[in-house]
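Morning, everyone. Let me put it up.

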Amino acid sequence: MSLSELAKSIHAIKFGLLSPESIRKMSVVNIKAADTYDEDGVPIDTGLMDRKLGTIEPGQKCQTCGNRVGQCPGHFGHIELARPVVHPGFAKLVYLMLRATCWNCGRLLLSEEDYRKYSIRMEKYKKKWPQFRFKLSDQIVKKAVKINECPYCHEGQFKIKFEKPTGYSEERKEGPKRIYSNEIRGRLERVTEADAALMGLDPSLARPEWMLLTVLPVPPSTVRPSITLESGVRSEDDLTHKLVDIIRINERLSENIDAGAPQLIIEDLWELLQYHVTTYFDNETSGIPPARHRSGRPLRTIAQRLKGKEGRFRSNLSGKRVDFSARTVISPDPIISMNEVGVPVDIAKQLTIPERINKYNLEELKTIITNGPDAHPGANYIIRPDGRRIDLRFPKDRKIIADAVEVGYVIERHLKDGDVVLFNRQPSLHRMSIMAHKVRVLPYKTFRLNLCVCPPYNADFDGDEMNLHVPQSEEARAEALVLMLVQEQILSPRYGGPIMGGIQDYISGAYMLTRKSTMLTRADASQLLASAGYRGELPAPAVKSPEELWTGKQLASLFFPKGFNYTLKSNICQKCDVCKQEDCENDAFVVIKDGKLVSGVIDKKSIGAQQPESVLHRLVKDYGTDMGRYYIDKAFKLFLAFIDSRGLTIGLDDEELPENGRLKVKADIHHAEEEVSKNINAYNEGLLERLPGRTLEETLETQIMQILEKAREDSGKTAKKYLKEGNTALLMANTGARGSLMNLAHMVACVGQQAVRGERISRGYQNRTLPHFKPGDLGAEAHGFVYSSYKDKLNPIEFFFHAMGGREGLVDTAVRTSQSGYMQRRLINALQDVRVEYDWTVRATDGSIIQYIYGDDGIDPAKSDHGEAVNIDKIIERVKAGGK
Amino acid sequence: MAKKKQPTPAEAEVEETVAAKVGAKTGEKAAKAPKTAAKAKGKPKGAAAKPKAAAATAPKAKKPKAAAAEVDEEDAAAEEPMRAKKREPEAPLPELPLVDQVLAKHDRRLPEKLVSRLKTKLVPLKSKLSEEQMAKVVEETYRSYIKALIEPGEAAGTVAAQSVGEPGTQMTLRTFHYAGVRELNVTLGLPRLIEIVDARRVPSTPTMTIFLDDEHKHDLSKAKGIAANIETVTVENVAKSIGYEMLNNFTIEVDAEMCEDKMIDLNYIAKSIEKLKIPGRVSVEGNNITVEPETTDRDKIKRIRERIMDLRLKGIKSIKRVVIEKKGDEYLLRTDGSNLAQVIENVKGIDKTKVYTNNVSEIAEVLGIEAARSAIIREAFEVLDQQGLDVDVRHVILVADLMTSTGKIRQIGRHGVSGEKSSVLARAAFEVTVKHLLDAAAHGEEDCLEGVTENVIVGQPIPLGTGIVELFMRFSKEGT
């Protein structure tokens with residue numbers, strides 16, 4: 001950001017009301033005609049589309065400022081209202097002020113003593129706690145409203161009633177009497193500045209009587225452009241329609257007043273004018289019918305333009321459309337680095353980066369200019385030092401132009417390899433949803449990304465699309481590179497652990513490579529290491545004769561830094577009572593000594609995404625993010641290369657249980673069924689013991705649920721026991737690559753109880769779920785227990801119950817996303833201004849202290865070690881090793 | 001160009017609200033912890049106005065922490081595991097002068113927790129490490145700590161909001177969890193989290209955990225006795241039937257068995273009914289209580305009848321049920337419904353320092369705002385933890401601190417934090433756009449463009465992170 005740009009910075013924005021004088025002052029034309037264009041399509045002078053109001057047609061010059069379409073900001077006009085009307089937004093405030101002030105002398109209804117007291121307090125508040133002064137003025141008004149006799153002129157006060165949305169009446173002895181706007185205006189004019197200030201107004205910016213409009217500002221035509229349809233018919237903006245109404249009624253009103261029409265007619269017209277002005281400001285005012293378009297659609301007037309998600313604030317001011325961005329489908333690419341993003345050539349040719357020519361890049365940029373907009377490393381525009389842009393699409397011979405450019409020209413060149421771009425996937429729920437990548441221009445039409453960045457984006461490839469933004473300034477690029485680059489985001493600030501890492505095949509591959517049975521010949525090992533991009537010597541073979549063989553662990557070790565020590569229990573760990581550590585028969589105890597994988601298999605716990613305290617976490621934490629990127633880019637490729645060479649698939653026979661296993665499952669379920677009927681019988685005979693705080697029915701229900709839940713669990717265990725060694729589905733579940741044992745049990749053994757709202761399925765027909773059952777049947781089958789496994793087949797009844805449970809899941813997801821989305825929006829909105837100051841306190845924007853030190857210890861969770869400030873064990877270990 | 005920004009503590013309201021509420025309600029019977037806690041928040045008003053060195057602020061921050069620690073202890077005793085490593089062993093702090101010596105050389109103090117952890121780790125290694133190595137470990141620890149410090153300008157709020165909000169998408173929607181015992185359902189998961197940030201006055205499932213004192217906690221029958229004293233018993237609960245008003249009276253048939261179970265005497269019921277001071281007569285006959293109101297208006301009789309049915313004979317208001325749970329070798333009570341003030345004040349035989357409720361606003365009222373802060377942290381963290389979502393406590397702490405920083409619990413949203421922002425534009429951009437704009441105009445408010453939204457709206461850099469810097473270098477245009 002250059003200094004000149006900063007000079008333009010806005011220091012503050014002050015809000016206030018427009019006084020009638022200022023409205024007239026800023027107006028360029030007094031609008032009198034209720035029409036827009038004449039028959040020839042020429043704007044009528046003093047009409048709503050007067051050319052002094054600004055220009056909306058290309059090529060025309062504004063009659064006020066002389067600018068053309070993009071340049072002319074538009075200019076306000078005004079309408080002189082024949083009688084004042086209440087500004088509907090301030091109707092309530094006007095009501096309060098009417099009641100708080102004397103109708104006769106206009107003083108605030110406070111005894112002199114109170115008045116003094118409050119004035120002093122207000123002064124104090126203004127100095128000390130300006131944010132609370134409105135609360136004080138609320139109190140003041142509340143107090144003044146209660147007083148019935150003016151302490152100054154001793155005039156009795158009438159009770160005033162507010163007839164929503166804009167009417168007021170006084171309860172006089174002779175009956176209720178309407179107070180008209182001119183009367184109100186008269187009363188409020190009498191309010192002194194000091195009194196107004198006590199009531200919470202700032203009289204220099206907002207006099208109370210300004211809340212009654214005598215002059216209506218007419219927004220410039222740029223605010224309410226009319227559009228010409230294809231058929232040549234002009235269509236006016238909603239605001240214009242409303243203004244037409246206002247002018248018409250205003251005209252009639254003033255005619256009638258001039259003609260001395262009866263009071264009744266004038267009042268009616270006045271009321272009508274009030275209605276139109278009210279709907280002009282807010283067409284959703286309660287208590288009055290909304291003004292409608294001819295088609296019956298309610299008009300979108302000023303309030304509606306600002307309000308809500310599609311309103312000006314949320315959709316145009318808080319969120320802005322940008323140039324230099326692209327969006328397309330994403331697809332995976334395990335070969336590119338996690339820091340990179342594959343950008344289709346077609347997109348690279350559209351997105352540009354302005355590059356200033358200097359003596360070092362002159363030659364290169366010349367060739368780029370010669371390439372032009374159609375060949376890839378080309379350029380689209382040249383910007384001369386005088387600001388003129390040269391479009392490279394049109395010149396026949398770009399060579400001439402290329403030769404003409406000099407130092408100081410700016411070239412808008414195509415995106416090329418190595419450029420920094422921001423990459424984003426919605427919903428952007430956390431900061432890792434927008435990260436900086438380095439461009440890799442690739443053929444075809446999709447963005448390509450490394451699979452390890454899927455978890456932070458929460459991306460998959462079933463048709464997901466992502467957005468790409470190109471920073472245009474050097475500062476922006478520098479910040480993106482230093483703060484937002486993917487490798488800098490490996491550790492999540494949410495829990496101080498890696499959020500990126502291996503998923504699915506990476507984990508299966510790592511496991512298959514590092515398990516004990518994997519032995520590799522020199523050819524195999526070389527092949528694998530080559531595809532991982534390893535450069536260096538092959539370690540000494542683990543087996544020398546009869547053939548030289550390497551273990552998978554040896555290969556996996558090659559990517560650890562020297563001196564790296566770590567131990568952990570892997571995902572396949574059975575959690576035995578006594579851990580056998582290195583002697584674990586499952587090889588689940590991972591030991592890395594001096595950068596060598598001594599024992600244990602690498603699986604989800606070591607390299608998985610969202611796994612704190614994993615090998616990957618230690619690497620990033622202790623050796624830096626470059627190490628993290630290196631490991632993910634290189635070692636992970638080794639895992640994939642290995643799984644590619646061996647293959648991993650599941651088929652029907654992976655879901656096949658041997659005969660005795662099937663019998664065991666059946667027996668278990670049968671046993672459970674018997675238990676259920678035992679319970680039902682006990683219930684029927686009244687022998688069932690009631691659980692405290694539950695009815696008998698509830699007791700039975702919970703017990704049946706428990707029995708059936710246990711039955712499913714048992715069937716799962718049986719399934720696990722009887723599944724063959726080398727079952728790939730089991731492998732994936734055990735290593736944490738994909739799926740769980742429960743998923744597997746569903747497929748091979750028994751799907752189990754289906755539930756809706758946390759209970760067994762109980763609705764449908766009277767006293768039964770389906771006509772297939774007897775009324776009152778409490779058995780498992782009648783309430784959604786699915787005996788079959790997915791592989792066996794579900795019978796129609798089971799299928800139906802299963803669908804019921806499944807649908808609940810879908811509904812749940814839909815409801816949850818909207819609920820949590822709103823919660824997140826609120827959280828962000830409440831917390832976004834909170835930051836750490838230079839004195840380490842955490843403060844909100846008004847300077848109020850939220851915390852004296854962040855998080856009670858000043859530690860940044862993103863820099864912490866899974867929440868801990870310092871990993872003392874690691875330090876002790878290091879000192880021990882170093883201080884020998 | 002630099003906007004002048006000398007942060008001023010705006011704790012204006014604190015003095016009035018907190019002190020008044022806590023002082024009045026607690027009395028001598030209330031736990032002493034919260035009192036000190038309330039003071040801690042009130043005190044630092046002026047103290048931090050001009051924080052000179054970071055070292056000076058650190059010890060000040062400890063005061064609120066002390067209060068939090070007390071609740072934490074309670075935690076450890078309670079069942080729900082605040083992540084295991086957050087719990088520190090209660091062992092006496094080992095003496096290791098070397099550590100203090102090395103640390104004394106530096107100008108920034110390490111958090112006490114870290115120092116004690118360091119000492120506990122080093123003491124057993126005394127023989128294995130040379131003095132020099134020890135010093136090196138301490139030195140390294142200090143360096144690591146400094147490296148892990150948060151940087152000025154860090155958008156701590158946004159990160160906290162994202163870290164608490166993002167897991168929301170992964171939560172299961174309707175989760176009921178049995179608080180130890182099957183009988184009690186407690187809302188958990190996303191709805192509970194929303195409830196907490198909403199700062200609802202009453203949670204959808206209020207519940208209390210009551211620990212018993214040494215005399216009662218090992219004896220089931222004694223525990224039962226206390227439970228019976230807490231549980232609300234209404235006339236309806238002990239009535240077998242209530243005869244309908246045929247004439248101008250109605251008869252309540254009392255279930256003797258129930259009465260015995262609830263330890264209520266028939267005459268006591270009658271007396272309680274009399275105490276309602278309904279004009280008319282109450283008589284006892286066998287197991288029947290007959291009420292004869294004076295009035296003949298059927299509607300009035302009906303109303304009287306309802307009043308009698310809801311009459312609380314025993315127990316504490318709004319505690320609907322009490323369940324006894326065995327935890328380790330002691331018994332504790334869990335309740336459906338919550339009434340912290342009454343339980344602390346009126347129930348005998350309980351450990352008053354450990355009574356807990358999940359009703360945060362009640363805690364604020366009875367024990368003060370610092371206790372409420374701790375409760376919000378604990379409740380929110382437990383929800384996340386129970387769902388298996390790993391979120392750093394510091395994020396939850398920040399949310400809780402923001403909610404309680406004025407001395408009252410403020411909702412995260414339109415009626416609280418967001419609605420009280422000083423910036424007009426920020427408020428208008430959130431919800432109820434038009435109202436905020438109109439009010440701002442009438443009040444003649446000024447928006448100083450200090451927050452995020454405001455600067456996004458006008459298209460200026462936002463004052464967070466690298467945008468906090470207000471010092472710029474002038475460089476010549478001629479270039480590099």
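Let's begin with A:Thr46, which sits in the loop of chain A that runs between helix 2 (20-26) and strand 2 (77-86). Before I say why I picked this residue, a reminder that what you're looking at is a predicted model. So, A:Thr46: its phi is near 60°, which is a positive value in a residue other than glycine. You'll remember that most residues other than glycine have a negative phi. Is A:Thr46 exposed or partly exposed? It's partly exposed, because there are 13 other C-beta atoms within 10 Å, and the cut-off for exposed is 12 or fewer.

There's another one of these at A:Asn458, with phi near 55°, again positive in a residue other than glycine. A:Asn458 is in a loop too, between helix 15 (454-457) and strand 18 (465-469) of chain A. A:Asn458 counts as partly exposed because it has 17 C-beta neighbours inside 10 Å.

Most peptide bonds are trans. But from A:Gln426 to A:Pro427 the peptide bond is cis, with omega near -5°. You can find A:Pro427 in the loop that links strand 15 (420-424) to strand 16 (434-442) of chain A. Then go along to A:Ser545 and A:Pro546, which are also joined by a cis peptide bond, omega about 5°. A:Pro546 is in the loop between helix 18 (522-532) and strand 22 (550-551) of chain A.

Okay, helices. Two packed helices are described by the angle between their axes and the distance between the axes. In chain A, have a look at helix 8 (residues 238-258) and helix 9 (residues 263-281): their axes come within 9 Å and cross at roughly 160°. Angles over 145 degrees count as roughly antiparallel, so helix 8 of chain A is roughly antiparallel to helix 9 of chain A. The crossing of helix 8 and helix 9 of chain A is left-handed. Who makes the contact? From helix 8 of chain A, the residues include A:Ile246, A:Ile249, A:Leu253 and A:Ile257, and from helix 9 of chain A they include A:Leu269, A:Trp270, A:Leu273 and A:Tyr280. By class, the residues of this contact come out as twelve nonpolar, four polar and three charged.

Zooming out to chain A as a whole, we've got 28 helices and 32 strands. The radius of gyration of chain A is 38 Å, well over the 29 Å that the globule rule gives for 884 residues, so chain A is more spread out than a compact globule. The C-alpha trace of chain A spans about 120 × 100 × 65 Å along its principal axes. A:Gly686 is exposed, because it has 7 other C-beta atoms within 10 Å. Across chain A, buried residues make up 42% of the 884. And of the contacts in chain A with a separation of 6 or more, 67% are between residues 24 or more positions apart.

Now the partner. Chain B has 21 helices and 13 strands, and 44% of its 480 residues count as buried. In chain B, residues 24 or more positions apart account for 64% of the contacts with a separation of 6 or more.

Last stop: helix 27 of chain A against helix 9 (residues 189-198) of chain B, whose axes come within 11 Å and cross at roughly 25°. That makes helix 27 of chain A roughly parallel to helix 9 of chain B, and the crossing is left-handed. The contact is made by A:Arg816, A:Gln819, A:Ser820, A:Met823 and A:Leu827 on one helix, and B:Leu190, B:Ile194 and B:Val197 on the other.

Conventions
Residues are numbered from 1 along each chain as its sequence is written. Chains are lettered from A and ligands numbered from 1 in the order in which they are written. This is a predicted model: local features need pLDDT of at least 70, side-chain atom pairs count only at pLDDT 80 or more; totals for chains, interfaces and linings use all residues. Axes are lines fitted to C-alpha atoms, for helices over the stretch in contact, and angles run from 0 to 180 degrees between N-to-C directions. Helices (H or I, at least four residues) and strands (E, at least two) are DSSP runs, numbered from the N terminus. Angles under 35 degrees count as roughly parallel, over 145 as roughly antiparallel, 65 to 115 as roughly perpendicular and the rest as oblique. A crossing is left-handed if the near helix is turned anticlockwise from the far one by less than a right angle, and right-handed if clockwise. Two residues are in contact if their C-beta atoms, placed from the backbone, lie within 7 Å. Ala, Val, Leu, Ile, Met, Phe, Trp, Tyr, Cys and Pro count as nonpolar, Asp, Glu, Lys and Arg as charged, and the others, Gly among them, as polar. A residue is buried if 20 or more other C-beta atoms lie within 10 Å of its own, exposed if 12 or fewer, and partly exposed in between; C-beta atoms are placed from the backbone. The radius of gyration is taken over C-alpha atoms; the globule rule is 2.2 Å times the number of residues to the power 0.38.
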